[in-house]
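Colleague: I have a model open and would like to learn how to read its features. Could you walk me through them?

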Amino acid sequence: MPHITVRGVNVQDLRRMSPELKKAVVDAAQVKEEYVKIFFSPMCRVDAPEEVAVDVYWMHRPQELCDKVAGTLTQLMKDKGKDFVQVTFTEFPGGHFYENNVHY
């Protein structure tokens, strides 16, 4: 954990920026690189121009860490020329996350 899902960026661009995106999350959240996974979302907004949305799915973290990660992700996307960046965190209890039938 965390799992990062991005929409509003085409899949080829996201593939190119994924190493940098992963490193930014690893550095900001102080997690192991092998725990961070980057996903592409093909969903798009249809009632207004598309915007970048980054969803972070992880176990509970302190507000200060969420602020730091959100700032890092926003800046990275703005450096890539994106004008508007939404970052959303979805948290869940560790007991609800399983890998090979083992939970945390």
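Modeller: Let's begin with burial: buried means under 20% relative accessible area, exposed over 50%, and partly exposed in between (1.4 Å probe, protein chains only). By that rule, phenylalanine 92 is buried, at a relative accessible area of 9%. Keep in mind that this is a predicted model: local features need pLDDT of at least 70, side-chain atom pairs count only at pLDDT 80 or more, and totals for chains, interfaces and linings use all residues. Residues are numbered from 1 along each chain as its sequence is written, and side-chain values use heavy atoms, with hydrogens and water left out.

Colleague: How many aromatic pairs are there by the rule you use?

Modeller: A pair of aromatic rings is described by the distance of the centres and the angle of the planes. Rings of Phe, Tyr and Trp (its six-membered ring) pair if their centres lie within 6.5 Å; planes under 30 degrees apart count as stacked, over 60 as edge-to-face and the rest as tilted. The count here is three aromatic pairs. In one of them, the rings of tryptophan 58 and phenylalanine 89 have centres 5.3 Å apart and planes at 20 degrees, so this pair is stacked. Tryptophan 58 belongs to strand β3 (residues 52–59) and phenylalanine 89 to strand β4 (residues 85–92), so the pair ties together parts 31 residues apart in sequence. Strands (E, at least two residues) and helices (H or I, at least four) are DSSP runs, numbered from the N terminus.

Colleague: Are tryptophan 58 and phenylalanine 89 buried or partly exposed?

Modeller: Tryptophan 58 is buried, at 0% relative accessibility, while phenylalanine 89 is partly exposed, at 24%. Then there is the pair of phenylalanine 92 and phenylalanine 97: ring centres 5.8 Å apart and planes at 35 degrees, so that pair is tilted. Phenylalanine 97 is buried, at 11%. Ring pairs also link Tyr57, Phe92 and Phe97 into a cluster.

Colleague: In what order do the four strands form the sheet?

Modeller: Strands of a sheet pair through backbone hydrogen bonds, either parallel or antiparallel. Two strands count as paired if DSSP finds at least two bridges between them. The sheet is open, with mixed pairing and the order β2-β1-β3-β4. At its edges stand β2 (37–40) and β4, each with a single partner strand, so one side of each has no neighbour in the sheet. Strand β1 (residues 3–7) runs antiparallel to β3, joined by five bridges; there, threonine 5 stands opposite aspartate 55.
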